Amino acid sequence: GHSMSRYDTRTTTFSRDGRLYQIEYAMEAISQAGAAVGIQARDGIVLAAEKRITSKLLDFRKKSEKMYKIDDHVAAVVAGITADANTLIQHARLVAQQHFYQYQEPIPIEQLLQSVCDLKQAYTQRGGQRPFGVSFLFAGWDMDRGFQLYQSDPAGTYHGWKASAIGANHQSATSILKSDYKMDDENHTDMSVQEALLLAVKVLSKTMDTVDPKPEKLEFSTLTRRADGKVQWTVLGDQEVEELLKEAKEKVKFATDDD
């Protein structure tokens, strides 16, 4: 351990193997965090997460533990250190509000991500400040590109995905997404929001290593557009989660370790 510790106090000091040790620590914190998944459908996007804290006393004002509304047209789900997540969420909300105030239109999703990632990178490059120990999935809709799902990590990079998983066991989650995500012959998404919700149940059951996930351990939300064009973010209530899990029991072939 001694040789390693010479390298890891200042983020920006690359070790001899060229790794940013602190970013690796941040990534490690995230892989210990509950799993989260984002799945793009034809008619919207599903965000879902495993709840690690089931105490009702925690914070009654907030319905969800891992999911946050950023603006009317964009929401996020996080995996990692909650305090870091809160800092970045506040930053994202502020940037979205300032953009709206200045241009009278909602901020384009990619521009919002760029701004969050700039902040992450600034932290990583100014020595003495540790990187944010948090990964995000951002789900949004804008005029230019419709529904979009992005993943961002502590190093301050981001990528667009049709479906993505972060947090615990994200490798096994990703392999289910790869095999079960439905596309048509032109490589366009071929799933409804409801199908995406069922797939999210399957993915999180796998990351939690259970075929019978308990409703209080999971949270789900959808980003859709109403008939009048308004973008709507909805967190599923307890009743809806129970119904979803019941439907999943009937329809989903759960990925146990035997297959």
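This is a predicted model: local features need pLDDT of at least 70, side-chain atom pairs count only at pLDDT 80 or more; totals for chains, interfaces and linings use all residues.
Of the 18 residues that line the pocket, Q151, W161, S164, A165 and T174 sit closest to its centre. As for where the lining comes from, at least two residues each are supplied by helix α2 (21-32), strand β8 (163-166) and helix α5 (170-180).

Next up is a helix pair. Two packed helices are described by the angle between their axes and the distance between the axes. For α6 (residues 193-208) and α7 (residues 238-251), the axes come within 10 Å and cross at roughly 80 degrees. An angle from 65 to 115 degrees counts as roughly perpendicular, so that is how α6 runs relative to α7. On the α6 side, the contact is made by Q194, L197, L198 and V201, which meet L244, L245, E247, A248 and K251 of α7. Sorted by type, the residues of this contact come out as 6 nonpolar, 1 polar and 2 charged.

Then there are the charged pairs. Side chains of opposite charge can pair when their charged atoms come close. The structure holds 12 salt bridges, one of them between R42 and D190, where the closest N and O atoms are 3.0 Å apart. This pair ties together distant parts of the chain, 148 residues apart. R42 lies in the loop between β1 (36-41) and β2 (44-50), while D190 is found in the loop between α5 and α6.

Technical notes. Residues are numbered from 1 along each chain as its sequence is written. Side-chain values use heavy atoms; hydrogens and water are left out. On a 1 Å grid over the protein atoms alone, a cavity is a set of points where a 1.4 Å probe fits but cannot get out, and a pocket is an open set with protein on both sides within 12 Å along at least five of seven lines; lining residues have an atom within 4 Å of a point. Helices (H or I, at least four residues) and strands (E, at least two) are DSSP runs, numbered from the N terminus. Axes are lines fitted to C-alpha atoms, for helices over the stretch in contact, and angles run from 0 to 180 degrees between N-to-C directions. Angles under 35 degrees count as roughly parallel, over 145 as roughly antiparallel, 65 to 115 as roughly perpendicular and the rest as oblique. Contact means heavy atoms within 4.5 Å. Ala, Val, Leu, Ile, Met, Phe, Trp, Tyr, Cys and Pro count as nonpolar, Asp, Glu, Lys and Arg as charged, and the others, Gly among them, as polar. A salt bridge is a side-chain nitrogen of Lys or Arg within 4 Å of a carboxyl oxygen of Asp or Glu.
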